[in-house]
Amino acid sequence: MELKDYSSGLNPTWCKGCGDFSVLRSLQTAVARLEIARENLAVVSGIGCSGRISGYMNAYSFHSVHGRSLPVAQGIKLSNSKLSVIAAGGDGDGFAIGTSHTIHAIRRNIDMTYIVMNNQVYGLTKGHVSPVSHQGFQTKMTPNGSVDMPIEPGMLALGAGISFYAQGFSAYQEELIEMIMQAIQHPGFSLVQVFSPCVTYNKVNTYQWFRDKLQRAEDLREGSISDHMTAADILTKSKGLCTGIIIQNKNKPSYHTLHNEKDESLVSQQPGISEKEFHQLTKAYMV
Ligand code: SF4
């Protein structure tokens with residue numbers, strides 16, 4: 001499979017220079033390199049400029065509603081665990097209206113990947129502040145500047161017990177492709193936050209702004225890649241402005257692992273009942 005095989009053929013309507021182009025191309029390249037057949041791939045998006053990404057992928061795709069890509073994506077994975085499931089959306093989707101879904105998906109650790117294109121502004125509504133806009137950030141809609149403190153997505157993810165968290169930048173495409181591949185291969189819930197500049201409504205957090213500020217997570221690491229305190233230290237030292245894999249803990253059991261183990265342990269507690277009978281019994285309770 002080649003990159004072009006994963007393109008729906010629709011021309012993206014994103015503004016010229018939007019960081020989301022790079023995210024789309026990185027995702028297509030990652031799934032092509034991993035040789036994931038289109039019939040085994042599902043891409044679910046939320047609402048916002050970034051939400052259009054599902055329509056540009058040639059795979060099973062679903063453009064859901066605002067902040068609800070994760071419930072749909074998790075449902076797909078639970079229905080067919082053989083699928084590679086990707087949810088994608090923006091910072092409003094993941095860290096405002098969909099925050100609770102993000103937290104619980106992290107906690108649940110279903111084996112899927114969530115890509116958040118963070119441009120620190122609501123582009124589709126023509127420049128509202130988002131939950132990750134810096135304090136004082138001015139737009140036409142907020143001429144006096146945002147008064148709220150921004151959410152730190154990495155700390156939020158760590159607090160919820162994330163097993164894989166990475167940060168990429170649209171301009172560092174090869175690094176982004178590699179981290180999306182690793183995220184997809186991670187046996188649990190993986191979150192990739194991408195600094196994806198909005199060239200139309202965010203004149204502060206530009207490509208150059210990120211190039212000047214971003215550090216490499218690897219250069220800041222003083223401990224194991226699976227350690228939460230080490231990951232928090234990386235985010236603290238860089239004020240969240242770094243790229244790379246921040247944490248990967250392959251030992252946290254995924255949702256499917258836990259449930260299979262749970263089923264087996266319950267079966268073993270039911271002497272005289274076969275596994276088939278046990279599942280018939282539990283199904284009856286689940287109606
Ligand atoms: Fe991208 Fe911003 Fe244009 Fe939306 S408004 S397509 S986020 S550049």
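The model is predicted, so local features need pLDDT of at least 70 and side-chain atom pairs count only at pLDDT 80 or more, while totals for chains, interfaces and linings use all residues. Residues are numbered from 1 along each chain as its sequence is written, and side-chain values use heavy atoms, with hydrogens and water left out.

Let us start with the sheet. Eight strands form an open, mixed sheet in the order β2-β1-β3-β4-β6-β5-β8-β7. Here helices (H or I, at least four residues) and strands (E, at least two) are DSSP runs numbered from the N terminus, and two strands pair if DSSP finds at least two bridges between them. At the edges stand β2 (60-63) and β7 (215-216); each has a single partner strand, so one side of each is left without a neighbour in the sheet. Strands β5 (residues 164-169) and β6 (residues 189-195) pair in the parallel sense over six bridges, with Y165 opposite L191 in β6. Helix α10 (residues 228-238) packs on the sheet, where it touches β5, β7 and β8 (242-248), and its direction makes about 165° with that of β8. Contact means heavy atoms within 4.5 Å.

Two helix pairs are set out below. Axes are lines fitted to C-alpha atoms, for helices over the stretch in contact, and angles run from 0 to 180 degrees between N-to-C directions.

| Helix pair | Angle | Axis distance |
|---|---|---|
| α1 (residues 20-33) and α7 (residues 173-185) | about 50° | 8 Å apart |
| α3 (residues 69-79) and α5 (residues 99-108) | roughly 30° | within 9 Å |

The angle in the table makes α1 oblique to α7, whereas α3 and α5 are roughly parallel to each other. Angles under 35 degrees count as roughly parallel, over 145 as roughly antiparallel, 65 to 115 as roughly perpendicular and the rest as oblique.

On the α1 side, residues including V23, L27 and V31 meet residues of α7, among them L176, I180 and I184. This contact of α1 with α7 divides into nine nonpolar, four polar and three charged residues.

Between the other two helices, L70, P71 and Q74 of α3 touch H101, T102, A105 and R108 of α5.

Finally, an unreviewed UniProt entry lists residues 47-194 as "domain: Thiamine pyrophosphate enzyme TPP-binding". Over residues 47-194 the chain is 35% helix and 20% strand, with the end C-alpha atoms 17 Å apart.

Note on methods:
Ala, Val, Leu, Ile, Met, Phe, Trp, Tyr, Cys and Pro count as nonpolar, Asp, Glu, Lys and Arg as charged, and the others, Gly among them, as polar. UniProt positions are given in the numbering used here, feature names are shortened, and annotations may be inferred rather than shown by experiment.
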